[in-house]
Amino acid sequence: MPSHHYTPDNSTVHSEMARKTDVPSLYYGEPRKFDPTFRGPICNRSCTDLFCCVIFVIVILGYIALGTVAWLQGDPRKVIYPTDSYGQFCGQKGTPNAKKSTLFYFNILKCANPAVLINLQCPTTQMCVSKCPDKFSTYTDVQLQYQITAAPWDYYRQFCKPGFNNPTKPIAQVLRDEDCPSMIVPSRPFLQRCFPDFITQNGTLTVAKRTHFKDALDTARSVTELRDAANGITGLVDAKEVGMKIVEDYAASWNWILIGLVMALVVSLIFILLLRFTAGLLLWFTIIAVILVIAYGIWHCYLEFSLLRQQPGADVTIVDIGFQTDVMVYLQLSQTWLIFLIALGTIEASILIILIFLRRRVRVAIALLREGSKAVGYIMSTLFYPIITFLLLAVCSSYFAVTSVFLASSGDAIYKVMAAESNCMYANKTCNPETFNKTNVSKACPGAQCTFAFYGGETPYHRYLFILQLSNLLIFLWLVNFTIALGQCTLAGAFASYYWARRKPQDIPPCPLFSSFSRAIRYHTGSLAFGALILAVVQMARIILEYLDSKLKGANNVAARFVLCCLKCCFWCLERFVKFMNRNAYIMIAIYGKGFCMSARDAFCLLMRNVVRVAVLDRVTDFLLFLGKVLIAGSVGVIAFFFFTHKMPIFQEEVPTLHYYWVPLLTVIFGSYLIAHGFFSVYAMCVDTLFLCFCEDLERNDGSSEKPFLMSAGLHSILRKTDHH
C-alpha cells in the first residue's frame, strides 16, 4: 500500500528548518525532537494525577452520601405544601387540612416583603383555608351584623382559628389572641397562598374596585399599603397567568415542536455530510446566504419603520407600553423596527468587515474545516458523542436539583414566640407548642403565641446546612466540567489517532472513539478532574460575586459596587482563559498521556510558538461554524414561523390554536441551535486537535525521507499560508 504521509521537496525542507530556527524557544520551551517510536495516542500510558483521581472518587462517594442523608432528613412536602402556624401542611391528603390547600395570613400588612411570605416567616398567624376571601369585611362589621343575621359570621369565621365561634368576644381580646383576622380583603391564590387581588384600572391600583378601606379598629387603610406589604405580587400573578398559557401552548404544540427539532437534526446531518464533500462551496454558500438573509431583514425593517412612522400612535415608546404578552403590540411600534434595523445593520457590518479584512484567513479556515471534515468522515461515530455528554449532564443536573430540594426541606418544625407587644422579652424565642400554655410567657406577654416559624434544628447537620448547600453546588460544577472535559479528551483522542496514522484510513485503529473514551477513563480521570476542579472553583467565585452584586444593588456604596464590578470582570476573563487552556491541555493529554499541569504547560508553549496560526484558528473557524449554526436554526425557524402563523395554506387545519405563537417558535429555534451546536462542537474539537497535531508534527519532523510529515500535502500547504499572511 502506498504511504499517505507527506514528504516535501528539498526547498520546502530547508524552509521548514529555517522556520524552526526562528522559534522563540527561550521563552516558550524547546520544540520536540524526532522520535521514531512515537505513535500518537496509541502509546504506552500510565495513570496521571493519581492523587486527584483518589480525591475525585472520594468526593463522588461523599456526594452520594450527602444525597442519601438529605433524602433521609428532607421532606419535599415542606417545599410543595405551605405550612400553617401549627406546623401542619395545607392540602396534604390524609390530614385535617386535606381540603384546605391554601395558606391565609391574618394580617398581611405585617408582611413587608414577598420573600418573607414565600419563606413562611411572616410575623402573623397563618392558617390553611379551602378558598381565599372574595370580599371586604372587618371583624367589627361582622359583630354588628351578627345581631341581625348569622350569615356574615358564618362566612367570616372560616378564616378564624378552627373551633372559634364566639362573635361576641371583644375586638381587643380577639386581636390580642389572634382568634380571627381583623379584616379580610378580596384575594386569589398564588403559590398556594392568598394574596390581595390587585387590579389596575386606568392606571390606578385597586382591590375589588376600591382604593381605600377600613380595618377592625376603624383605621383608614389604602390599597397601596397592601401593595407595599406584598410588593411585586401583581407581577408574579400576571406571570403565573402567562405561565399557565405557555404550558397550554406546549401541550397543544409539543408534537409539532418535536417535528421541528427532528427537522433540525436532519438538516444538521445533511449539512455535515455535504461539508465532507463540498466544504468550500457549502461554507461560502453559508456566508453568502447569511449576508443575504440579514440584508433582506434590514430592508424589511426599514420598510416597516417607514410605514409606521407615518401612522398616528405608532411613535409610542416600548417603555411607555411596558410588558405585554402579545408580541403583536410591539410590532405595531416604529421604535421596535428601528431597534431591529440598527441591530441587523450592526451584525451585517461586522460580518462584512470580517470578510474584507480577514478574507485570506477565512479561506485558510475553510480549507482547514475541509481537512477536518475528512477526519469526521472516517470517524462518523464522533458526531453522536454529544448525546452521551447530554445524558451525563442531565443525570448530574437532576441529582443536583433533587439533592438541593431535600437539603432545603431538611429539619424539624421550629416554633417561635410571636408577641403582640414589641417590648416582650420572649419575642422570637424558641418555644414548644405542647407546653407553651404551662409557661409564664402568656402572663409576661399577653396575647403571645407559640407559632411555626421555619424548618431547622440544632444538630451539626442542621447548623451546617448552608455549607452543605454550597458544597452541593461546588461538586455539581465539578461534575459538569468533568463531563465536558471527558467529552473533549475523548474526541481529541479519536481525532489524534486519525492524524498520527501513517496510512489513512488503514492505520486508524478500530473503534477509535471507544478506545479514546476507555483511555481517558482508565488513565486520565485524575487529570480531567484536576482541570475541572480549577474551572469549578473559578465559576463558584463568579456565582458568589453575582450573589453579592444582587445584594448590593439597593446600596449607595459606589466604591463597593465598583470593586465588585472589577472583580466580576476579572473572574469572567479568568474563566474564559481557564476554559481555553483546559481544552488544549485535554488535547495534549489525549496525544501524550501526561499529567494535567505538564500538558497545560506544553499546550501553552506550543500555542505561543505558533501564535500566528492560533489567530487564524481560534476566531475565524469559530465564526464560520457559528454562521452554519445560525443558518440551520434560522432556516428551521422560518419554516416554523410560517407554520405557526397560519401562512402555509396546506397546513391550515393542522395548526394548533395557541395563546402565543412565539412559545413553540422560540422553542424550535433555540432547540435547533442547540442541536446544530452539538454537531458543530465535534467539528470545532476536530479542528483544534488537528491544529495541535500539525504543530507537533512540524516540530518533530522536517519532511525528509527519514523524518516525514504525517500531515497531508493539503493540510501542510493550508497552514503554511498563515506564516506569510
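Biologist: Which cysteine forms a disulfide with Cys90?
Modeller: This is a predicted model, in which local features need pLDDT of at least 70 and side-chain atom pairs count only at pLDDT 80 or more, while totals for chains, interfaces and linings use all residues. Residues are numbered from 1 along each chain as its sequence is written, and side-chain values use heavy atoms, with hydrogens and water left out. A disulfide here is a pair of cysteine sulfur atoms within 2.5 Å. At a sulfur distance of 1.9 Å, the partner of Cys90 is Cys128.

Biologist: Where do Cys90 and Cys128 lie, and how many residues apart are they?
Modeller: Helices (H or I, at least four residues) and strands (E, at least two) are DSSP runs, numbered from the N terminus. Cys90 is in the loop between α4 (77-80) and β1 (102-105), and Cys128 is in strand β2 (residues 126-129).

Biologist: Is Cys128 buried or exposed?
Modeller: Buried means under 20% relative accessible area, exposed over 50%, and partly exposed in between (1.4 Å probe, protein chains only). The relative accessibility of Cys128 is 4%, so Cys128 counts as buried.

Biologist: Which residue does a disulfide join to Cys132?
Modeller: Cys132 lies in the loop between β2 and β3 (137-138), and its partner is in strand β6, so the pair ties together parts that are 62 residues apart in sequence. Both cysteines are buried. With an S to S distance of 2.1 Å, the residue joined to Cys132 is Cys194.

Biologist: Is the disulfide of Cys160 and Cys180 left-handed or right-handed?
Modeller: The sulfur atoms of Cys160 and Cys180 are 1.9 Å apart. Both residues are buried. The torsion about their S-S bond is about 110°, so the disulfide is right-handed.

Biologist: Which cysteine sulfur is nearest to that of Cys569?
Modeller: Cys569 has 46% relative accessibility, so this residue counts as partly exposed. Cys569 is in no disulfide. At a distance of 4.4 Å, the nearest cysteine sulfur is that of Cys573.

Biologist: Which residue is the bridge partner of Phe190 in β6?
Modeller: Two strands pair if DSSP finds at least two bridges between them. Strand β5 (residues 187-190) pairs with β6 over four bridges, in the antiparallel sense. In β6, the partner of Phe190 is Arg193.

Biologist: Which residue takes a positive phi in the hairpin of β5 and β6?
Modeller: The hairpin has two residues between its strands. The phi in question is near 55°, and the residue is Leu191.

Biologist: In strand β6, which residues point the other way from Arg193 and Phe195?
Modeller: Strand β6 covers residues 193-196, and all are buried. Arg193 and Phe195 point one way, and the other way point Cys194 and Pro196.

Biologist: Are α16 and α19 roughly parallel or roughly antiparallel?
Modeller: Axes are lines fitted to C-alpha atoms, for helices over the stretch in contact, and angles run from 0 to 180 degrees between N-to-C directions. Helix α16 (residues 385-408) packs on helix α19 (residues 465-499) at an angle of about 175°, with the axes 10 Å apart. Under 35 degrees counts as roughly parallel, over 145 as roughly antiparallel, 65 to 115 as roughly perpendicular and the rest as oblique. That makes the two helices roughly antiparallel.
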